[in-house]
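Biologist: I would like a close look at the strands, and at the spaces around them. Please take me through how they pair and what lines the gaps.

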Amino acid sequence: MRKTYIILLFLVIVSGLLFYYSVSSKCPSFKNIAEHDTIPAIFPDYTLIVIPPNIAPLNFIIKEEIGVTYYVKIHSKNGKAIEIINKNPCIKIPVQKWRKLLYNNRDEHLYVDVYVKTLKGTWIRYKTITNKIAEEEIDGYLVYRLINPGYRLWEKMGIYIRNIQNYHEKPIMVNNLANKNCMNCHSFSQNNPNRALFHVRGNIGGTILVKDGIIKKLNTGTDYTMSAGVYPAWNPDGTLIAFSVNIISQEFYSAGSKSIKVFDKASDLVLYNTESNVLTTSPKISTKKYETMPTWSPDGKYLYYCSAPRPEANHAIDSIKYSLLRISYDAQQNEWGEVETILSSEKAGLSVSWPRISPDGRFLMFCMSDYGYFTIYTPGSDIYVMDLKTGEYSSLSINSDQAESYHSWSGNGRWFVFSSKRLNGLCARPYFSYFDKDGKAYKAFIMPQKDPAFYETFLKNYNIPELVTAPWSVSKWDLYSTIHNEATKVAFDKSVVIDALSGATRIKTQNKGNVKN
Amino acid sequence: MPVNNGKVTRFFFLAISIYFIFFFLSVLLIINPEQSYFIQQPMFLFDKYFLFGYLKYPGGLIEYFSLFLSQFYFYRLTGASIITVTALAVLLFTYKILKYFNFDRFTLLLPLAPVTALLYLHSFSNGILTTSLVLLFTLVFFFYFLHLSEKTTYVRFIGYLVSSSVLFYLAGGGGFLLFQVLCLCSECLRFNKKRSYPVILIILLSSLIPYLAARYLFYITLEQSYLYILIPEGYYRPKFVLYILYIYYPLLILFSTIKPKENKVTEANKITGVTSCIIQVVIAGMVTFLSFGSSLRSEDTFISKIKYLAYKGRWDKILEVTQKRHSKDRVVNFNNNRALYFTDRLPYDLFRHLNFWGQHALFLGGHAGGSLLMDNSELYFDLGHIRAARQWAYEAQTIFENSPRVLKMLAITNVIEGDYKAADMMLNILDKSVIYKKWARYYLNGIRDTTVFQSDSLIQEKRGMMPSDIYFMDGKNVEVDLLALLKKNPKNKMAFEFLMAYLMLSDKIEKLDLADEIFYLKQLEYKEIPETYQEALMIYLARKGLNNYDLGGYEISQIIVNGYTDYTVILGIYNMNLQAAEKELYTKYGLSYWYYLNYISPMINDREFQKKMFEQ
């Protein structure tokens, strides 16, 4: 019996030593090493980028010569290097070590050395990948809608929040709990998840408004608006929400690089007061032209929006181009100023959409495409930035030959996220980019996933990526209950002499009902 | 086994064996798992994210397991084996449960009844394996719970709590509900004041499990949490027999309390035992035959068969079965029209078949939903309108997320369009399926080395057919699509014949100029103008008021000219009263285009048509 114990003890010690040896001696002995003077091809492309110190590990796959062993060393100026040795090219970085390395090396370079042992037994060392760790953090959470890349139909969709400091994703609401209806246009006031809204469509339709712990369902459709609220924009103090009201249509191309065109047959702007539950508008923002895609300046004094002239009958859909306008607004007095053109489509030669102003108020980021505003289906859509001090604007270097379609700022203005279809032209993915004080954007990188091959088979779009500063705190049950409750009908401002049915003088119509998108 | 009696036992096993041989052969030869595969499109991916998707709700795991098994329906023999083995396992556990309750009467009939119900459920091509697996797992859990009956109250208490929670997560609310009711029945039957109260209490309290799960854990509704598999979900519609099956087991347990009189085994009893077995076999056989027969005769089964035959390209067979059985279903009408084209009969026999749906059974666009989306996509693919085929397939993908039929269409259409990155994504998904790996690898290889596609006749053929004109497709004016196809390739026979059929069915024949029609007829080397086209030409000429016209060497036969004159004369006799003239016109011209226009065309005659179309 004692002999058995001794043998067992011996085996345990030997196994322990072998385990320790295999774990501790990460760095393999490099014999016959060949140097490559190029950086290795990796997927996703996490090379030559600036990364936030609080981002989740950027796991990747080495897309180089097939090897038998892969060795990766990630290091920076301070702290211990992370070493990974693998039999396959999929490199998964330990979260804790990564976090420590990044926090200890803010504003320093991050180096990634990649070695591949070939089938012949020789090692190849690639040129070191050099990335930069930024000083400033990115907002820790990203909210987006996941939906299949269909056009008119859907079955499953949901609005999700992802902790981008790790890989944890959680649904905010899925349409399984909303009678399978469409849900869209989630929006936050100044990256604050406690002031949020999104729309639920269909038979239980309404706008779900979350404000400082109170959840409401609103029916923003009135007798004087052509639809319920569509594209929203919270003002900075969270009391006002500007909405566009739109009659949206779509057409499919028979050939060529574009598949579909989504366009408005009419649109106007309205303003909803979350405290008085009143919807108002002005003849200045509800004209016979098309007004849509509102956004507020960070001081809340200006409402920026896109506007296009109402086209002639039998016009070509691809002739509609939107300009960027703004109007001042005094919330205390409920007074509108004069409309100013910030960037005319004639001057730009392109159509402007999705204006978003940096938190410091200096830069205006927007999309431009050859026509219309629904950029997700427009491969030529790119992101531009305008310096509001000088009025100069330029295309950002982060653009690709596929659609860049939506963007939002982090709370500190040093980062932005945008949707891009650059990976396959089909599914929009969220990309992050560092934006410095001088208005320069740095090479963008895709949101990291635990499995770096994730995007190769994930057949869903990430719509409307919005950065928020904190986790989502509203329970899904409360949301579910609210969605299934009756909506509170908003009142239309009686003092307004215009309706938002494309600028006509307000005439009350009987039993007209509301048009829903 | 009813009595410990060799003869009866042998007969029992013989009867069971014969029953299951019949069961297996019925599934193999009549139900045809390949057809079920086509209708259900089960896709199983060896991928952790695919698994994660099924861990997000109670019942997901059993769906996952069911998909793993039902992907092998792709092969008829393995499909039949899987269904038979599942049914056999259900029989075994039903028998064991009965035995546990010392119930020894109707021991053949009672365990066979649920098997018959399963055969009925599987006889519909959309009868998913999940329903059988939920039942099987529930019986297994219940059987092992029964074995705790001799244990202490504490063990049974914990045993129930754990097993019901696990079963709820594994098999969802439907299985859990049945398990709960069965356990409650069992406890009540063996009621013991000291031992039963805590267990009954926990059984009753466990009703909260689905509530708590829906409230705090999963993103599902209360209905989905409590009644998974028993309520409609997406395109799944539970059959009434499923509810009977769920009620059957609790009744069986309660029924088992009725004890027979004790009898000694005598020679007379042996004979009675055998007779009883024979009667039970006869009853089981008759019930099976009747239920199976009724499902095979159902319209659902017929439609599934037509869809399957169309997918397999067995066009002659479609025409054969639709000749024998007339159906007013839109999909049947649609596939019948396709079959006419593929057997070169469309220009000749279009009005020899019932065209209740008119042009809406030629194209399914506009109001297409559900599986019609893919039918429409495949039609456009055949026509060579790849962009439209892809658009409909993308719409289908939103509903049938992992359907191999959809993903294959998206992969191939993107390859043809040259959108290799999008195709790559579909192919990467298909590459994770054991069934489609080889198919996907061929195209993946082609994407890496596009010279492979240069020698691929299908890809080259379709690329040569795709319209190059850029216009907006609205799904309503289909003639625009067809004319664009003909502009690209005037020898696109399918586009021409579908254009003619569409214009005739929708009463828009004057939308194609006579000169163009003649041009295409010549391009496609028609020796003479097909009869139906001649009939349509008579209408065309009358409407345009053309007396002098050039048919480019073709002729309208005198029979057609005389027929048209006669048709109008008959109408004139009845003062253009269509109702009065119907009988006579039907007798003489019931299979003509003229008769279709006046009496069959849905747009002209049937005011209820739009309503019916939306209902479908």
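Modeller: Start with an open sheet of four strands in chain A, in the order 26-27-28-29, with antiparallel pairing. Strand 26 (351-357) and strand 29 (393-395) of chain A are its edge strands, and each pairs on one side only. From one strand to the next, the twist averages 30 degrees. Keep in mind that this is a predicted model.

Strand 28 (residues 382-387) of chain A pairs with strand 29 of chain A in the antiparallel sense, over three bridges. In this pairing A:Tyr384 faces a residue of strand 29 of chain A, namely A:Ser395.

Chain A has another open sheet of four strands, ordered 22-23-24-25. Its pairing is antiparallel too. Strand 22 (290-296) and strand 25 (335-343) of chain A stand at the edges. Each has a single partner strand, so one side of each is left without a neighbour in the sheet. Ignoring direction, neighbouring strands here are turned by 30 degrees against each other on average. Strand 24 (residues 323-330) of chain A joins strand 25 of chain A through six bridges, in the antiparallel sense. Opposite A:Asp330 you will find A:Glu335, in strand 25 of chain A. As background, strands of a sheet pair through backbone hydrogen bonds, either parallel or antiparallel.

Strand 19 and strand 20 of chain A pair over 13 bridges, in the antiparallel sense. A:Asn246 stands opposite A:Ser267, a residue of strand 20 of chain A. The hairpin of strand 19 and strand 20 of chain A has six residues between the strands. There, A:Gly256 takes a positive phi near 90 degrees.

Is strand 20 of chain A enclosed by the rest of the structure or left open? It is largely enclosed, because 12 of the 14 residues of strand 20 (residues 260-273) of chain A are buried. Strand 20 of chain A also pairs with strand 21 (residues 278-280) of chain A, in the antiparallel sense and over three bridges. A:Leu279 in strand 21 of chain A is the bridge partner of A:Tyr272. The hairpin of strand 20 and strand 21 of chain A has four residues between the strands. In that hairpin A:Asn277 takes a positive phi near 60 degrees.

A total of 35 residues line it, and the closest to its centre are A:Arg145, A:Tyr151, A:Asn184, A:Gln250 and A:Phe374. Several elements of chain A give two or more residues each: strand 11 (141-147), strand 14 (183-189), strand 19 (240-253), strand 30 (404-409) and strand 34 (461-468). By class, the lining has 19 nonpolar, 12 polar and four charged residues.

The whole structure holds seven cavities of 30 Å³ or more. The second largest cavity has a volume of about 80 Å³. Residues of chain A line it, among them A:Tyr46, A:Phe60, A:Trp98, A:Leu110, A:Val112 and A:Asn131. Strand 8 (109-118) and strand 10 (129-133) of chain A are the elements that give two or more residues to this lining. The lining counts 11 nonpolar residues, one polar residue and no charged residues.

The largest cavity has about 90 Å³ of space. Chain B residues line it, including B:Leu121, B:Phe124, B:Tyr236, B:Arg237, B:Lys239 and B:Leu242. This lining has six nonpolar, three polar and two charged residues.

Finally, the cysteines. A search over all chains finds zero disulfides. A:Cys182 is in no disulfide, and the nearest cysteine sulfur, that of A:Cys185, is 8.3 Å away. A disulfide needs the two sulfur atoms within 2.5 Å. A:Cys182 is buried, with a relative accessible area of 12%. A:Cys306 is in no disulfide either, and the nearest cysteine sulfur, that of A:Cys367, lies 9.4 Å away. A:Cys306 is buried as well, at a relative accessible area of 0%.

Note on methods: Residues are numbered from 1 along each chain as its sequence is written. Chains are lettered from A and ligands numbered from 1 in the order in which they are written. This is a predicted model: local features need pLDDT of at least 70, side-chain atom pairs count only at pLDDT 80 or more; totals for chains, interfaces and linings use all residues. Side-chain values use heavy atoms; hydrogens and water are left out. Buried means under 20% relative accessible area, exposed over 50%, partly exposed in between (1.4 Å probe, protein chains only). On a 1 Å grid over the protein atoms alone, a cavity is a set of points where a 1.4 Å probe fits but cannot get out, and a pocket is an open set with protein on both sides within 12 Å along at least five of seven lines; lining residues have an atom within 4 Å of a point. Grid points are joined across faces, edges and corners, and a volume is the space filled by probe spheres set on the points. Ala, Val, Leu, Ile, Met, Phe, Trp, Tyr, Cys and Pro count as nonpolar, Asp, Glu, Lys and Arg as charged, and the others, Gly among them, as polar. Two strands pair if DSSP finds at least two bridges between them. Axes are lines fitted to C-alpha atoms, for helices over the stretch in contact, and angles run from 0 to 180 degrees between N-to-C directions.
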